[in-house]
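Dear colleague,

Here is the structure I said I would pass on. My notes on it follow below.

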Amino acid sequence: LNSISSAGGGRSGSSVHYYYYRATKHATNTDVTYTTQLSVDRLERLAFIASAYGGPVSAAVIVENQQQLQLLQHFITTTTTAVREYVNVHLVYHQYRYYPINYLRNIASHAATTSLVLHCDVDFIPSIGAHAFLKKMATTMLNATTTNPLSSVFVVAAFELPLGASLRHDGSARVPRTKHEIVRLLRSSRARQVHHHRHYHSHGATNYHQWVTATTIYTINYHLYYEPFVVTRRASAPPATTFTSSSSSDSSSSSSS
């Protein structure tokens, strides 16, 4: 147990316990760590993510009181094999009025032991085999885009499916396995760009029309309010910790591919 008074930019009144739970499988530096953050009401999502991703996960979990800590402890002792194998849980004790989303993101990223990390919200389920694909392709893609890899990111397209369509009762993920499958769902209006109606600009610059027909990577022009899920080098500059959210975490029921 590694306990410090503050981390990831520092916040008064916070206590951070890195590796409150340590995964039984150890990541290698060729892996891509899925980094995420959550409150205890989202713990079951870690089971979905671990099962689908099949690679290292670094999760910052925020608790405000003893009752929430007991919920986390119960989850850890009764969770799935995939969580036990892949998920490193970092406990953040912090009482908050506004959810400190970037503070938690920084903690999860800081704790990752791999050079490359995937920044993603806990309410999104990675496509089956996403880790194997990213492990194979991300380093090459990042190195190919610029002479300074620290200044580039690899954007992961994200989609929304109908409520409940992406989850099974056993905690496994029911999401498209291939680009062909998600394109078919898009064209039949059974899937759409994530936040298409609620906050289009947060993912709109990805240019989903181009993504559908693309056969190679392409450059994305940044727009204001663009907040995609990205693979980046862990050494890249972290987001500012001054940004907060009024909710516990992103509440959309969605999946990423």
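A residue is called buried here under 20% relative accessible area, exposed over 50% and partly exposed in between, with a 1.4 Å probe and protein chains only. Leu-46 has 1% relative accessibility and so counts as buried.

The model is predicted: local features need pLDDT of at least 70 and side-chain atom pairs pLDDT 80 or more, while totals for chains, interfaces and linings use all residues. Residues are numbered from 1 along each chain as its sequence is written, and side-chain values use heavy atoms, with hydrogens and water left out.

Leu-46 lies in helix 1 (helices are DSSP runs of H or I, at least four residues, and strands runs of E, at least two, numbered from the N terminus). Leaving aside residues up to four places away in sequence, Leu-46 touches Thr-36, Leu-38, Ala-59, Phe-75, Val-83, Val-87 and Val-122 (contact means heavy atoms within 4.5 Å).

Helix 1 (residues 43–53) packs with helix 2 (residues 66–78) at about 30 degrees, their axes 10 Å apart (axes are lines fitted to C-alpha atoms over the stretch in contact, and angles run from 0 to 180 degrees between N-to-C directions). Leu-43, Glu-44 and Leu-46 of helix 1 meet Leu-71, Leu-72 and Phe-75 of helix 2.

As for the strands, five of the seven residues of strand 2 (residues 15–21) are buried. Strand 2 pairs with strand 5 (residues 87–93) in the antiparallel sense over four bridges (pairing requires at least two DSSP bridges). Val-16 stands opposite Val-92 in strand 5.

Regards
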